[in-house]
Amino acid sequence: MKTKNTFRKIYSVVAKIPRGKVATYGQIAGISSIQGSAKLVGYALNKLPDSTDLPWHRVINRSGKISYSPSRNDHDNLQRILLENEGIEFGRNEIIELSKYLWNPLNE
DNA sequence: GAAATGACCACGA
DNA sequence: GTCGTGGCCATTT
């Protein structure tokens, strides 16, 4: 399938997320010039291959919580572990402090 | 080609 | 803080 430019843009943005930071779907969508279609970001990641080098685990929802795929409950902890491994701390309900760990796209 | 699906977000109450 | 509704775009069936 011919990967659309939009998807490539999403991958590009996700790949630019620095270590120890997280980004929301809305931000990535906006940077990818598809603001309003945050679903595309999730969809892109959902269809992402297993051998991807993209830090998909740094992409979380607006609530600062992990969205992950409901189908892959087998590794629901994986994303959390990866983030913790990068120095990101989780709140009480596994909520990340966006004010602190949110990625600043202006850096790019 | 059309309808259904999807790791969501913004807004109003 | 929660809950319900609308909307966007690409992929899949």
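**Notebook: the protein around DNA strand B**

I started at the DNA: of the 16 residues around DNA strand B, the ones that come nearest are K39, G42, N46, R62 and Y68. I call a residue near a strand if one of its heavy atoms lies within 4 Å of it. I am working with a predicted model, where local features need pLDDT of at least 70 and side-chain atom pairs count only at pLDDT 80 or more, while totals for chains, interfaces and linings use all residues. Residues are numbered from 1 along each chain as its sequence is written, chains are lettered from A and ligands numbered from 1 in the order in which they are written, and side-chain values use heavy atoms, with hydrogens and water left out.

**Entry 1: what touches the DNA**

I looked up which atoms of DNA strand B lie within 4 Å of the protein: 43% belong to sugar or phosphate and the rest to bases. Next I listed polar contacts, meaning pairs of N or O atoms within 3.5 Å; within protein, one must be able to donate a hydrogen and the other to accept it, and residues adjacent in sequence count only if both atoms are side-chain atoms. A polar backbone atom of N46 sits 2.9 Å from a base nitrogen of DNA strand B.

I then checked the elements (DSSP runs numbered from the N terminus: helices are H or I, at least four residues, and strands are E, at least two). Helix 2 (25–31) and helix 3 (38–46) are the ones that give two or more residues to the surface near DNA strand B. Helix 3 gives the most, with 7 residues.

**Entry 2: helix 1 against helix 3**

I found helix 1 (residues 5–15) packed on helix 3 at an angle of about 80°, with the axes 10 Å apart. Axes here are lines fitted to C-alpha atoms, for helices over the stretch in contact, and angles run from 0 to 180 degrees between N-to-C directions. Contact means heavy atoms within 4.5 Å. I noted F7, I10 and Y11 from helix 1, meeting L40, V41, Y43 and A44 of helix 3.

**Entry 3: two loop residues**

N61 is in the loop between strand 2 (59–60) and helix 4 (76–85). I saw its side chain reach the backbone nitrogen of K65 at 2.7 Å.

P55 is in the loop between helix 3 and strand 2. Its C-alpha atom is 6.5 Å from that of V14, 41 residues apart along the chain. Not counting residues up to four places away in sequence, P55 touches V14 and A15.
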